[in-house]
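Good morning, and thank you for coming. I ask you to keep the sequence and the model in view while I speak.

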Amino acid sequence: MKEPPSTEPRPQAPAPRVSSPPEPEAVPLVPELLISDLLRHGVVASLSLVTLGTVVTFFRHPDYLVSSEALERLTAPHPVPHGLAEVVAGAMAARGQSFVMAGLLVMMAVPVMRVALSLLIFRQQKDRLFVAITTAVLVLLLVSFLVGAAEG
């Protein structure tokens with residue numbers, strides 16, 4: 001005797017999986033990562049410039065390594081490049097002190113750039129209160145640099 005056909009669906013074999021390489025996921029720009037990268041790269045750039053300046057100074061004046069009188073000339077108070085134009089001109093002339101000063105200027109600029117980046121981030125997030133606060137901080141920083149430049 002034959003049994004009547006079943007109305008239940010038959011279990012099907014699973015379809016074979018085709019293995020494809022995983023696609024790289026886009027990493028979202030996280031504000032904290034942007035700020036930490038800015039700070040990290042700024043400090044590395046500053047340290048690199050100061051180190052380069054020190055190496056150039058001792059390379060161009062090897063007597064600083066063996067003569068205390070020569071080293072006193074290096075450490076004695078005397079005019080060093082202060083303005084950006086002087087620093088760039090000195091760096092183009094391969095003066096070690098100009099590279100060191102450029103590194104110090106970069107180190108001073110990093111916190112200001114951090115505030116400016118925060119301002120952009122808050123603007124993008126449409127956070128008006130923090131945009132206002134950050135703008136005030138940035139203006140105060142820039143005014144303090146301008147007043148310092150005018151007095152010096």
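This is a predicted model: local features need pLDDT of at least 70, side-chain atom pairs count only at pLDDT 80 or more; totals for chains, interfaces and linings use all residues.

**Pockets, helices and a nonpolar core**

Helix H5 gives the most to the lining of the largest pocket, with seven residues. Residues are numbered from 1 along each chain as its sequence is written, and side-chain values use heavy atoms, with hydrogens and water left out.

Let me set out the overall architecture. The protein has six helices and zero strands, and from the N terminus on its elements run α-α-α-α-α-α. Helices (H or I, at least four residues) and strands (E, at least two) are DSSP runs, numbered from the N terminus. Of the 152 residues of the protein, 17% count as buried. Here buried means under 20% relative accessible area, exposed over 50%, and partly exposed in between, with a 1.4 Å probe and protein chains only.

I return to the largest pocket. Its volume is about 390 Å³. Thirteen is the number to keep in mind: of the 13 residues that line this pocket, the closest to its centre are His82, Leu84, Leu105, Met108 and Phe145. A pocket, on a 1 Å grid over the protein atoms alone, is an open set of points where a 1.4 Å probe fits, with protein on both sides within 12 Å along at least five of seven lines; lining residues have an atom within 4 Å of a point. Grid points are joined across faces, edges and corners, and a volume is the space filled by probe spheres set on the points.

Both H5 and helix H6 (128-151) supply at least two residues each to the lining of the largest pocket. By class, that lining has ten nonpolar, three polar and no charged residues. For these classes, Ala, Val, Leu, Ile, Met, Phe, Trp, Tyr, Cys and Pro count as nonpolar, Asp, Glu, Lys and Arg as charged, and the others, Gly among them, as polar.

Where does His82 lie? His82 is in the loop between helix H3 (68-75) and helix H4 (84-92). His82 counts as exposed because its relative accessibility is 59%. The C-alpha atoms of His82 and Leu105 are separated by 9.3 Å, and the two residues are 23 apart along the chain.

The second largest pocket holds about 190 Å³ of space. Of the 14 residues that line it, the closest to its centre are Thr57, His61, Arg95, Gly96 and Gln97. H1, H4 and H5 are the elements that give two or more residues to this lining. By class, the lining of the second largest pocket has four nonpolar, seven polar and three charged residues.

Next, the helix packing. Helix H1 (residues 31-60) and helix H5 (residues 96-124) pack at an angle of about 175 degrees, with their axes 7 Å apart. H1 is therefore roughly antiparallel to H5. The axes are lines fitted to C-alpha atoms, for helices over the stretch in contact, and angles run from 0 to 180 degrees between N-to-C directions; an angle over 145 degrees counts as roughly antiparallel. The residues of the contact of H1 with H5 divide into 21 nonpolar, nine polar and one charged.

Which residues form the largest nonpolar core? The five are Val112, Val115, Leu119, Val131 and Leu138. H5 and H6 are the elements that give two or more residues to this core, and H5 gives the most, with three residues. A nonpolar core is a set of buried Ala, Val, Leu, Ile, Met, Phe, Trp, Tyr and Cys residues joined through side-chain atoms within 4.5 Å.

Ser118 is also found in helix H5, and Ser118 is buried, with a relative accessible area of 6%.

Most residues other than glycine have a negative phi. Ala94, in the loop between H4 and H5, has a positive phi near 60 degrees. Lys126 has a positive phi of about 60 degrees and lies in the loop between H5 and H6. Ala94 counts as partly exposed because its relative accessibility is 32%, whereas Lys126 is exposed, with a relative accessible area of 71%.

Methods: Angles under 35 degrees count as roughly parallel, over 145 as roughly antiparallel, 65 to 115 as roughly perpendicular and the rest as oblique.
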